[in-house]
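Hi,

Here is the structure I promised to pass on. Have a look at it first, and my notes on the pockets and the ligand follow below.

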Amino acid sequence: MRRPLLTINLQKISANTRTVIDQCRQKNISLTAITKCISGMPDIAEAFVAKGAMAIGDSRIQNFAHFEKIHCDKWLIRIPMISEAADVVRYTTHSLNSELATMQALNEAAHRADRIHKVLLMCDVGDLREGYVDIDGFLWDAEKAHNLSNLQIAGIATNLCCVSGVLPSLETYERLYQFDQAYTRAFGNATHYVSGGATSSYPMFLDGTLPEFVNNLRIGELLLFGEDTSNHRAYEGLYQDAFTLEGEIMELKEKPSLPVGEIGLDAYGNRPTFIDRGIRKRAILAFGRQDVGVEYLEPLDKDIEVVAASSDHTVLDVTDCTTDYRVGDVIPFRANYQAVLHLTTSAYVEKIIL
Ligand SMILES: *Cc1c(COP(=O)(O)O)cnc(C)c1O
């Protein structure tokens with residue numbers, strides 16, 4: 001087996017998905033399971049759907065090409081570029097949108113493909129990433145989009161806790177409610193999606209404060225990692241350890257903890273500082289920042305300390321370990337969301353699904 005190796009425990013992800021979906025069903029919330037963190041790995045997308053996810057969502061259109069054999073709704077959750085309109089119509093059923101020009105391009109592409117493409121209109125209720133901020137502008141575009149022959153408006157959506165870290169709250173949902181009221185006045189009270197957020201909305205969902213007009217969540221992190229980093233919470237009953245990165249020791253030597261010579265800038269432009277701790281046993285693993293931000297890895301052996309990393313090397317201090325490591329040994333780490341995002345993107349990382 002080539003290393004670095006990312007092992008993925010599909011049973012744990014499936015169990016998380018089943019648990020969360022059962023909770024959602026009790027509150028009549030449909031779940032769009034998000035695959036962007038795992039670069040759209042089709043086996044995981046399939047497991048999401050097998051456990052009851054109504055739709056798969058991803059941010060990159062390329063990933064949907066791997067989902068063609070999976071039968072479910074497919075949501076492009078990054079607002080589309082005009083230049084990808086034809087692929088959006090071809091590979092997805094729904095997309096989140098905030099620009100009329102893009103919706104017109106989607107309509108033309110859908111017309112050419114003889115399809116109906118469904119859109120959810122993004123409402124920006126505070127995080128200041130994508131979406132309409134004022135209701136008049138929202139309604140203006142919505143009316144125009146509504147009249148396009150091959151487009152169907154399927155509801156509204158919002159996203160929180162991304163570029164500004166704004167947490168979902170009763171106030172943010174009050175703003176979404178204003179959009180929903182306007183939507184209903186314009187288009188009638190027919191069933192439509194109110195897609196109210198992502199993993200960061202799960203705390204409100206759990207404690208019963210998520211307003212009832214929200215009827216869909218788009219969730220990735222919670223299913224994959226059983227946690228919500230925006231709230232620093234790991235959830236009981238969900239697995240947090242489905243992803244493990246294994247690195248291999250290619251050098252193991254005792255070295256001083258103070259570098260020898262004048263200190264300039266390291267490989268990333270930082271000036272590192274050091275404490276003299278005497279001679280330490282250091283292991284070098286064969287992966288580095290090209291593969292993963294090492295600060296997002298947690299050694300399973302708690303006595304290991306990550307000392308430094310460059311593009312292709314990660315240096316560990318293994319002096320305090322009870323295990324007597326040797327060159328060639330494998331060191332496992334728990335990988336979190338940011339780690340897995342990079343690891344699944346790297347062509348140098350071998351991936352295996354257990
Ligand atoms: C990433 C993303 C999600 C899913 O977020 P998680 O934190 O993984 O649950 C949902 N919606 C949009 C628009 C996103 O960009």
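H10 is the biggest contributor to the lining of the largest pocket, giving 4 residues. That helix spans 337–345, and strand S9 (216–219) also supplies at least two lining residues. Helices here are DSSP runs of H or I with at least four residues, strands are E runs of at least two, and both are numbered from the N terminus.

Before going on: this is a predicted model, where local features need pLDDT of at least 70 and side-chain atom pairs count only at pLDDT 80 or more, while totals for chains, interfaces and linings use all residues. Residues are numbered from 1 along each chain as its sequence is written, and side-chain values use heavy atoms, with hydrogens and water left out.

Back to the largest pocket: its volume is about 860 Å³. Among its 31 lining residues, Lys-36, Arg-129, Cys-162, Tyr-337 and Leu-341 are the closest to the centre. (A pocket is an open set of points on a 1 Å grid over the protein atoms alone, where a 1.4 Å probe fits, with protein on both sides within 12 Å along at least five of seven lines; lining residues have an atom within 4 Å of a point. Points are joined across faces, edges and corners, and the volume is the space filled by probe spheres set on them.)

Where does the largest pocket lie? Domain 1 (10–234) and domain 2 (243–353) both give residues to its lining, so it lies between them. The domain bounds come from an automatic or database domain assignment.

The second largest pocket holds about 710 Å³ of space. Of its 28 lining residues, the closest to the centre are Pro-272, Phe-274, Arg-282, Val-307 and Ala-308. Strands S12 (243–256), S13 (279–285), S15 (305–309) and S16 (314–317) each give two or more residues to this lining, and S15 has the largest share with 5.

Now the ligand. The residues around it, each with a heavy atom within 4 Å, include Lys-36, Arg-129, Arg-218, Gly-220, Glu-221 and Tyr-337. As for polar contacts (pairs of N or O atoms within 3.5 Å), a polar side-chain atom of Arg-218 is 2.9 Å from a ligand nitrogen atom. A polar backbone atom of Gly-220 sits 2.9 Å from a ligand oxygen atom, and a backbone N or O atom of Glu-221 is 2.8 Å from an oxygen atom of the ligand. On its own the ligand has 380 Å² of accessible area (Shrake-Rupley method, 1.4 Å probe), and the protein covers 91% of that.

Cheers

Note on methods:
A polar contact is a pair of N or O atoms within 3.5 Å; within protein, one must be able to donate a hydrogen and the other to accept it, and residues adjacent in sequence count only if both atoms are side-chain atoms.
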